[in-house]
Amino acid sequence: MLKNRQVKYIKTVIPFFIYTGMIFLFLSASLKGQSLANVKISVTYSSAPISVNAKFTYLKYNKAFVLVLQADDATTDVYNKVYPFFAGLNGNAGLFMTDGAGNKVPFSLEINHFTMKSGKDVHETDTTNYLSWKKISSLWQRGYSIDNRGFVNPAYGSGQTYQVQRNVSYTIKMTAPFTKGGITMDTYVLPPNGEGQLVPARDKAGYIGFFRNPSFDLTSNPIDLPTVKPLFPARLFLRNRVSGTLFNTAQLMALQSVNNHHMMGVYNFRKFGVSPDISFDAFKSQMEQIAAAYGKDGKDNIWVAGDQEVFEYLLLKEKVSVLKSTLGNVTNISFVGNQIPTNMHWYALTLMVIGDNPITSVKVQGAAYTDSVFGDTALINFSWKGRVIEPEGQRAEKYIQLATADSSASNCLIASDYVDAIQNHDTLIKYHDALCAMNFSSLKAYCSYHFTVPADTICLGDTAVLKAPDGMKHYLWSTGDTTQGIRVFPKQNTQYWVKVTTQKDKSGSDTTVVFVNPVPVFDHISDTVVTQPGADTLLWVSGGYKDYLWNTGAVDTSVLVHPVRNTPYWVKVTGANGCSTTQDFLVSPDYNYHIDFKYDTACFGDSTTLINVSTGKDSLLQVSWDLNMDGKFGDAYGDTIVYAFPKPQLWIVGMRLTFKSGNILLKVHQVPVGGKPVVNFSFSGLCSAEGNTLFTDSTKLSFGKITKRYWNYGDGRSEFRPNIYAYHQYYPGDYSAKLVVTTSYGCVDSLSKNLTIYGSPDIVVQRKDGSQVYYNDTVTFKRGDSAFVQIKNPSNYDSIIWPPHILSPDYYVKAPGKYSVKAYINVCPGTSVFYGDYINGGGGNPPVTSAHAMPFFTPNGDGFNDEWKVNNKEIVSPFKLRIYNRTGSLVYSSNNYNNDWKGEYNGNPLPQGTYYYVIVDNTGRKFTGTLSIIR
């Protein structure tokens, strides 16, 4: 997957999605959809490629596997809990994957819904438990999938075709005020007792995906996605309930989604905390684990979406062919669609283009897109506005004709839905009258109710209340409101309409007008007048209107005032039509006030000093303070306050100044009180030969941020580290490590801890005769016999382990091969490695095993014995050298050793201890032995 490659650059020409709101561009479909034929992609290479491969990724964004979540029955948990949790709203961090080009894509899910329960539309009458139509539309516009689950719950035995089709027309009717053309659906979830809805949904409504009770279908989950491709449009997919093991299931799908094998799991829930559903906290925990492991901040290989989005992507992959041609260093790509449906939610594909030369640029025409390029590979996400919204009058006319040809109750009611979905009032009345003129008996109630909403007259800036008749079952206003009355504030004469349904399912509509009268508009003195204290000041407005009234009681176009403190005034001007305008003024005597106070930054437990530094020509009577953020200025008095705040946080402190003039002025600052860090840390890795010791800071801080971590390792070395981890290499010994933490508010704390670093023990393996078996030495024995070896002085060790798991100081080598023995002291292992072989079984002579070089050296930079020397005349140069530590790790190698090794590994000095060397000279002879580094 491209995820594992470094992204060279990311270019977004048209935003592929908007995170806050997440309204996808292709949902803003107009009357005509965008043509796939207009989508052109050109890929430019650094030089002409020999071959180019362009194909759609198996899953959107080139993900490895897909988790489909379904919310049964459209309960409010989706909007109130899941949506803000996924989108990062209301204080949530959000759960995200990426589009493969570095852009965040929030997790989403599928909402499957029915409409009627006990004869009532639950999305209007029970919005405490079920999503309102407006919220369903809002989620659809934000990239959530919507499934059809039939019209009536529970489903009844007869009229199964009607239940499939009526939920489609009714959903379009109820969502058309919020979503242009209404919501369309192309996936179906069979309700309980609704098995008879499968055939009409599949064969008459053209749904591309179905879900039903697992007992009727597959018996395992997740589903192998490669089986999906040949099974459109009528494959049934298994569903399981969301449980506390959802993360484990995602792990299993991830493990199995390799080698072009993609897994899919479908999991549903209804209402959290109500059996059999898990609690929302448990759901959050599972999803957060999934996001951390496989989302944006993890492997980024999961696609979490609704089944409608998944199936539409898979369907598009089947129905779109890729055409490409290469001329010079540019490959041009276009597409041909084969009977692509025009009512889908998503028209989006992910294309992978791979050439044999580096790609320098990608350009896309006719579509919104994002892309990422790495070397010879480009990942391109593109979407187009393929949805075609049929004109609402044309659609209504088509269904009226169907009802005319077959006047069954279901056809007539479906036709009435498409009529009521019309948003243009004049067009609505036209087709409403046309449908009712047919005198269908099933529409008698729909066509027979009449009422009047009175017109209203208001002044500009006021509101009007329009009210439909009492006791109606449904209300729908041209504003989209579904309440009996609405409050409107038009700026000009405006027409409104309302449609109602009675308790007996009679329908009716009416149109009314709100007339808007103008209000007085006049010139006047500035809103705020600055003057000298007590000086005469004239406030005025221009004339020409019927009435003037000042708050002083004056009734002229002007008034003379002389305030000594900030004083508000107003005048109400009334025109001949009775509409009024009120103009406010503030007269402010200029005392040259500069109001402020200073404060210092303190740590919790210390006191904060607050000092009034205000100036002005007015006489100050009192300085009062609000220190506990309750809005009351009675916590302290005076110019200078020394106060210990009760907890660390950002405190909103207010100072109120009362002056002789009567002016009361305020100043507010955010005063920080830093939390004192409670320092703690842990450490691991206490064996010097095994690498670095890891220190982990676990300091707790209630308020503020940690800005500095100073580590003193207790061996004369120290450093500042930016994060919670620190690594340090020790020699064996006892040390006291100290951590000093400083916060953004200057608060400091420290902690010291003692630790002991252990060296790895030396191991001496000896034969039965007492001769030493050196590192990488060979122990020989006759075929059918064995060789006895043992650890010298075994009581010196805590434990000894021979292969495979033999705990004994003695061991019998019975077969040729490599042997590794470990001996432990204080949890640190020493290791020796040797080989077993038959006498002369490997050909040639056994290796020479004696110390043919310096047994020790002192690489301390004093000029004496700083390099390890090999000066044995038996060793023919040039020769190869390998040096190992006591755990068997290679620490130095050379194919032509020049007596220049200074006891270092990757430029760092190795700790004092015993090491093992293996020399192979120019004649092929092998020499082994031990050497010691002494510092």
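Serine 383 counts as buried because its relative accessibility is 3%, where buried means under 20% relative accessible area with a 1.4 Å probe and protein chains only. The residue belongs to strand β23 (residues 377–383); strands are DSSP runs of E of at least two residues, and helices are runs of H or I of at least four, both numbered from the N terminus. Between serine 383 and threonine 370, 13 residues apart in sequence, the C-alpha to C-alpha distance is 9.5 Å.

The model is predicted, with pLDDT of at least 70 needed for local features and 80 or more for side-chain atom pairs, while totals for chains, interfaces and linings use all residues. Residues are numbered from 1 along each chain as its sequence is written, and side-chain values use heavy atoms, without hydrogens and water.

Strand β60 (residues 880–884) pairs with strand β64 (residues 913–920) in the antiparallel sense over 5 bridges; pairing requires at least two DSSP bridges between two strands. Strand β60 is also joined to strand β61 (residues 890–894), again antiparallel, by 4 bridges. Isoleucine 883 has tyrosine 917 as its bridge partner in β64 and stands opposite tyrosine 892 in β61. A hairpin is formed by β60 and β61, with 5 residues between them, and glycine 888 in the turn has a positive phi of about 90 degrees.

The lining of the largest cavity comprises 18 residues, of which Lys173, Asp420, Lys499, Val500 and Thr501 lie nearest its centre. At least two lining residues each come from α4 (160–175), α11 (425–436), β26 (474–477), β28 (494–501) and β29 (507–517).

Technical notes
Buried < 20%, exposed > 50% of the residue type's maximum accessible area, 1.4 Å probe, protein only. 1 Å grid on protein atoms, 1.4 Å probe; cavity = no way out; pocket = protein on both sides within 12 Å on 5 of 7 lines; lining within 4 Å.
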